[in-house]
Amino acid sequence: MCKRFLRGLLIKLSVVMLAVGLFSCGSTRQLKYFQDLPDTTKLAVLKVVNFTVPVIHPDQVLSVNIYTIDLSATASVNAVNQAVVSTQGAVSGFDASGYLVDRDGYIEMPELGKIRVEGLNIEQAQTVIKTRAAVYFNDPIVIVKNKSFKISFIGEFQKTGTFIVPSEKFTILDAMSFSGGLTDFGQRNDVLLLRQNSDGTALSSIRLDLKSSSVLISPYYYLQNNDVLVANPTRSKGISTDQTFNRYLALYSLIGSLLTTFLILIKR
């Protein structure tokens with residue numbers, strides 16, 4: 001009777017442990033991106049959405065360099081752009097140098113004075129600044145860059161935080177590469193995108209399914225300045241980090257081992 005009871009208890013514990021193991025282990029298929037793309041060596045052509053060139057808004061930082069034959073003539077203008085990269089701030093790679101666009105949409109430059117750049121894209125801003133610079137310098141060459149185009153990664157990304165990215169033409173694929181992609185616990189079909197409106201007074205949200213290639217032709221394929229990506233965890237992440245669950249699992253394993261040893265001994 002005792003043997004039968006112990007044998008039954010051992011079987012039940014084994015079933016419970018097997019079920020828990022299967023529940024906590026995910027399929028490798030769940031880790032794949034763009035699962036609907038054909039599994040073939042033939043070239044699959046996807047048409048992505050057209051890129052909309054972003055415009056300049058207040059509080060952005062611009063790098064403005066002006067070059068002439070006489071380099072000393074524009075030294076005071078270009079000195080403002082000398083890199084002072086912050087390693088202590090909340091934004092990784094933020095460069096504190098450059099020209100800040102004020103609340104009225106202007107930048108103020110040595111010798112050139114105040115120039116309105118709000119609502120212009122980078123190329124248009126270059127043209128406007130070059131027109132002003134031509135009044136003071138001979139045949140100036142003007143190069144403008146956005147130094148504050150930032151994207152934030154929260155949750156189950158390999159690399160999280162807020163980062164200055166090198167180009168305004170930054171796609172969801174670039175974001176996956178930049179962040180190292182999602183961890184094994186990240187829900188690939190539930191990545192939340194938070195986007196500010198132009199004046200920063202409101203947020204809009206959309207959930208992206210990175211298991212589907214439809215994201216590549218969506219309006220959200222190209223990311224915008226100040227976009228935030230949030231990768232939510234899977235249920236298995238909760239199980240793996242649940243200390244109470246892990247303690248019970250260890251206890252069940254110990255009981256199972258003791259019962260197995262006991263059955264072996266009483267059979268002898």
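Where is the place of Asn226 among the strands? In this predicted model, local features need pLDDT of at least 70 and side-chain atom pairs count only at pLDDT 80 or more, while totals for chains, interfaces and linings use all residues. Residues are numbered from 1 along each chain as its sequence is written, and side-chain values use heavy atoms, with hydrogens and water left out.

Asn226 sits in the loop between strand S10 (203–208) and strand S11 (228–233); helices (H or I, at least four residues) and strands (E, at least two) are DSSP runs, numbered from the N terminus. Although not a glycine, Asn226 has a positive phi of about 75°. Asp59, likewise not a glycine, has a positive phi of about 80° and belongs to the loop between helix H1 (2–24) and strand S1 (61–67). Asp59 counts as exposed because its relative accessibility is 61% (buried is under 20% relative accessible area, exposed over 50%, partly exposed in between, with a 1.4 Å probe and protein chains only).

Turning to another loop, Ala134 is found between helix H3 (122–133) and strand S6 (141–146). With a relative accessible area of 45%, Ala134 is partly exposed. Its C-alpha lies 9.8 Å from that of Leu112, at a separation of 22 residues in sequence.
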